[in-house]
Amino acid sequence: MSWLTQTLTSSIGKKVLMSLTGLFLCLFLVVHLIGNLQLFKDDGGYAFNTYAVTMTTFTPVKIISYLNYFFILFHAFWGIYLEVRNRKARNVKYNLIRNQSTWSSRNMALLGTILLVYIVVHMGDFWYKFHNEPLPYVQYTEMLSTGEVFSQVMPAGYTQDVKQVEFVNSDEGTRTVIVKDLYQTVSVAFQNFLLSFFYLLGMVAVGFHLYHGFQSAFQTLGINHPKYSPFIKAVGIWVFAFIIPAAFAAMPLYFYFKQF
Ligand code: HEM
């Protein structure tokens, strides 16, 4: 058996796969958050809509996206498999460890399953609609000299072959961008109380999952150092379990309350 096969089929190797895919998903979450923060810009969705098109049409990003889908599925189902296997093998020793564990660490599989359901609903909501449904289009006119942007919803039924077209009107010093209005889809979706509430629950699950998950991934990879481990633990708790879920949660809250 090669070194790689041996490592990956060993007990720790199986956990290493969870750690590596988990850390990749943490990285995705940071990028996704930075992109989505554009929803808060007061520009009629210009920055967010053009960002969404870049993320879904630029080939290198598309390749990373497919890798991301694969890692999500792998991380979820591999995690369920390991949990089932561990439960079968559990003995008295486990009960001793249990006393030192946190609620998050004992419920990683449950939290992960909630997150899988969340991601399926979430992608059905936005990702599927963006890629497959005839969403309305919006036209932006940007004044190149000042950066000022004017938006105008395209007439109902307007469609074009691609998600975005843009051209510079050199005579007037303006740029016109006609783009699928994903911003509108997101803002209308979050006006629904139940959907927004579901998102908030999803973010609570993200927080608890990463409270244990982030630091645990480093431990599994053997990165356990008196100098660095407290820092990793603090990043796991403050950034991944608190700030990131809170920033995501602010999006449904913002659009829900904006409608009144
Ligand atoms: C609550 C705030 C969130 C908003 C407003 C939001 C918005 C969106 C939108 C508009 C899309 C489709 C466009 C695109 O692919 O970029 C998308 C895709 C996606 N979202 Fe979110 N998202 C949120 C939170 C999350 C969280 C917390 C997760 C993970 C736990 C997540 C996972 C995903 C995934 C996996 C995709 C597909 C990405 C791809 O195609 O590469 N989202 N999100």
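What follows goes through the domains, the ligand shell, a helix pair and the sheet.

This is a predicted model, where local features need pLDDT of at least 70, side-chain atom pairs count only at pLDDT 80 or more, and totals for chains, interfaces and linings use all residues. Residues are numbered from 1 along each chain as its sequence is written.

**Domains**
- The protein splits into domain 1 (3-135 + 181-258) and domain 2 (136-180), with bounds that come from an automatic or database domain assignment.
- Their C-alpha centres sit 34 Å apart.
- Where the two touch, domain 1 puts in 14 residues and domain 2 puts in twelve; contact here has C-beta atoms, placed from the backbone, within 7 Å.
- On the domain 1 side, helix 3 and helix 8 are the elements giving two or more residues, and helix 3 has the largest share, with five.
- Helices (H or I, at least four residues) and strands (E, at least two) are DSSP runs, numbered from the N terminus.
- That side of domain 1 has six nonpolar, six polar and two charged residues.
- For these classes, Ala, Val, Leu, Ile, Met, Phe, Trp, Tyr, Cys and Pro count as nonpolar, Asp, Glu, Lys and Arg as charged, and the others, Gly among them, as polar.

**Around the ligand**
- The ligand has 23 residues around it, and the closest are Ser65, Phe126, Trp127, Phe248 and Met251; near means a C-beta atom, placed from the backbone, within 6 Å.
- Helix 7 (108-132) is among the helices that supply at least two shell residues, and helix 7 gives the most, seven.
- By class, the shell has 17 nonpolar, six polar and no charged residues.

**Helix 2 meets helix 10**
- The axes of helix 2 and helix 10 come within 11 Å and cross at roughly 35 degrees; axes are lines fitted to C-alpha atoms, for helices over the stretch in contact, and angles run from 0 to 180 degrees between N-to-C directions.
- From helix 2, Cys26, Leu29, Leu33 and Asn36 meet Phe240, Ile244, Ala247, Phe248 and Met251 of helix 10.
- This contact has eight nonpolar residues, one polar and no charged.

- Four strands make an open, antiparallel sheet in the order 2-1-4-3; strands pair if DSSP finds at least two bridges between them.
- Strand 2 (149-153) and strand 3 (164-169) are the edges, each pairing on one side only.
- Strand 1 (137-143) and strand 4 (174-180) run antiparallel, joined by seven bridges, and Thr141 has Thr176 of strand 4 as its bridge partner.
- Helix 3 lies across strands 1, 2, 3 and 4, at about 65 degrees to strand 4.
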